[in-house]
Every structure is written in C-alpha cells, then in structure tokens.
Amino acid sequence: MDEATYEVGESYLIVDTGPWIFGKKVMLPASTITSIEPNERDVHVSRTKQEIKDAPEFDESTFKEAE
C-alpha cells in the first residue's frame, strides 16, 4: 500500500501494482484487506489479479491528501 484516502466517507487503499500492470496505481476499498505482514511489507486483499487490473485507476488530481 502506498497511500490511503478518506474522501467521501469511505477509506481506500492506493496500490501501486508494480511491474505486473506497468506500475499503474489503482484504488481498492480498505475493506478488501484480509491480512497485513509489516515485516514483509505485504498487504493481502480479497481480490483476484483481474479484479485489481479492473479497479479504478487513482487520479491524484481528484483527491487531496489525508490530513
């Protein structure tokens, strides 16, 4: 997880998909988190690779940073 937003009363993860989708950043609902492994820097979500590929792309100009 790279970032988070709290806009519109719902929390989202901003996920950098890395090389497997050419570095695209997508938004996933925070409720999709199934586990976090801080030592591994891994966040596991209940989404398939295809669902992540189809997730809305993060547009920085639409959201302000959480304070």
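## Contacts and fold

Of the contacts (heavy atoms within 4.5 Å) between residues at least 6 apart in sequence, 37% join residues at least 24 apart. The model is predicted: local features need pLDDT of at least 70, side-chain atom pairs count only at pLDDT 80 or more, and totals for chains, interfaces and linings use all residues. Residues are numbered from 1 along each chain as its sequence is written, and side-chain values use heavy atoms, without hydrogens and water.

The protein has 1 helix and 5 strands, in the order β-β-β-β-β-α from the N terminus. Helices (H or I, at least four residues) and strands (E, at least two) are DSSP runs, numbered from the N terminus.

Of the 67 residues, 22% are buried, that is, under 20% relative accessible area with a 1.4 Å probe, protein chains only.

## Lys24

Lys24 lies in the loop between β2 and β3. Lys24 is buried but has no salt bridge, defined as a side-chain nitrogen of Lys or Arg within 4 Å of a carboxyl oxygen of Asp or Glu. The nearest side chain of opposite charge, Glu57, is 4.7 Å away.

The Lys24 side chain reaches the backbone oxygen of Lys53 at 2.9 Å. Beyond neighbours within four places in sequence, Lys24 is in contact with Val15, Asp16, Thr17, Lys53, Ala55 and Glu57.

Note on methods. Buried < 20%, exposed > 50% of the residue type's maximum accessible area, 1.4 Å probe, protein only. Lys, Arg positive; Asp, Glu negative; His and termini not counted. Polar contact = N/O pair within 3.5 Å; in protein donor to acceptor, adjacent residues only side chain to side chain.
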